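Subject: Structure handover

Hello,

Here is the structure for you to look at. My notes on what was found in it follow below.

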Amino acid sequence: MTGRVTLPNALSAFRFVAAPCLVGAAAIEARVAFSLILGAALISDVVDGAIARARNQATTFGARLDSAADCALQFSAPVAMLLLYPALASQELATTVAILLSYVVPIAAGLLKFGRLISYHTYLSR
């Protein structure tokens with residue numbers, strides 16, 4: 001078993017830090033900062049699992065950390081987008097609600113059924 005302080009876990013932890021930073025950047029309308037933070041967070045999400053497998057550092061803790069970080073990022077990005085583009089959200093209210101529900105409903109169903117956050121770490125989800 002590897003330790004918890006690994007590059008893949010650091011990349012996942014970065015997304016936890018990035019999530020509130022996205023909302024903060026959106027709140028002050030720093031669109032460039034928002035784009036850079038979001039881009040870095042999305043890249044970290046793409047590479048963390050591959051790095052963990054390549055370095056033989058894949059752990060249950062890492063998978064859970066990755067899922068929780070994904071949850072934080074996926075929640076904060078739409079909130080930040082609503083802050084940056086409120087007019088677009090009101091024009092596309094039905095779409096905005098559908099997108100938010102498509103995110104919240106599976107999480108709520110997983111919490112009710114399994115008592116914890118669900119994880120989609122399967123080969124088909126990639």
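Leaving aside its neighbours within four places in sequence, which residues is S44 in contact with? The answer is L11, F14 and R15, where contact means heavy atoms within 4.5 Å. S44 lies in helix α2, residues 31-54. Its relative accessible area is 3%, so S44 is buried. Buried means under 20% relative accessible area, exposed means over 50%, and partly exposed is in between (1.4 Å probe, protein chains only).

Ground rules

This is a predicted model: local features need pLDDT of at least 70, side-chain atom pairs count only at pLDDT 80 or more, and totals for chains, interfaces and linings use all residues. Residues are numbered from 1 along each chain as its sequence is written, and side-chain values use heavy atoms, with hydrogens and water left out.

Confidence

pLDDT is the predictor's confidence in each residue, from 0 to 100. The protein chain has a mean of 86. In that chain, 91% of residues reach 70 or more. Helix α1 (residues 7-27) has the highest confidence, at a mean of 95. Helix α4 (residues 86-91) has the lowest, at 83.

Overall layout

The protein chain has 5 helices and 0 strands. Helices (H or I, at least four residues) and strands (E, at least two) are DSSP runs, numbered from the N terminus. The order from the N terminus is α-α-α-α-α. The C-alpha atoms fill a box of roughly 50 × 35 × 20 Å, taken along the principal axes. Of the 126 residues of the chain, 27% count as buried. Take the contacts between residues at least 6 apart in sequence: 78% of them join residues at least 24 apart.

One pair gives a sense of scale. A13 and L101 are 88 residues apart in sequence. Their C-alpha atoms are 26 Å apart in space. A13 is in helix α1. A13 is partly exposed, at 32% relative accessible area.

Helix α3

The 25 residues of α3 should span 36 Å at 1.5 Å a residue. The end C-alpha atoms of α3 are 36 Å apart, which agrees. The expected span of a helix is 1.5 Å times one less than its number of residues. Buried residues of α3 include G62, L65, D66, A69, L73, S76, A80 and L84. What covers the buried residues of α3 includes α1, α2 and α4. An α-helix has 3.6 residues a turn, so residues three or four places apart point the same way.

Helix α5

Helix α5 (residues 93-114) has 22 residues. From first C-alpha to last, α5 reaches 31 Å, close to the 32 Å expected. The buried residues of α5 are T96, Y103, I107 and G110. They pack against α3 (60-84) and α4. Just after α5 comes G115, with a positive phi of about 75 degrees.

Positive phi in the loops

Two residues other than glycine also deserve a look. E29 has a positive phi, near 60 degrees. E29 is in the loop between α1 and α2, and is exposed at 53% relative accessible area. N56 has a positive phi too, near 55 degrees. N56 is in the loop between α2 and α3, and counts as exposed at 65% relative accessibility.

Cysteines

How many disulfides are there? The count is 0, where a disulfide is a pair of cysteine sulfur atoms within 2.5 Å. C21 counts as partly exposed, at 37% relative accessibility. C71 is also partly exposed, with a relative accessible area of 22%.

Rings

A search of the whole structure finds 0 aromatic pairs. Rings of Phe, Tyr and Trp (its six-membered ring) pair if their centres lie within 6.5 Å; planes under 30 degrees apart count as stacked, over 60 as edge-to-face and the rest as tilted. The charged end of R4 does sit over the ring of F61, 4.2 Å from its centre. The rule there is NZ of Lys or CZ of Arg within 6 Å of the ring centre and within 35 degrees of the ring normal.

Best wishes
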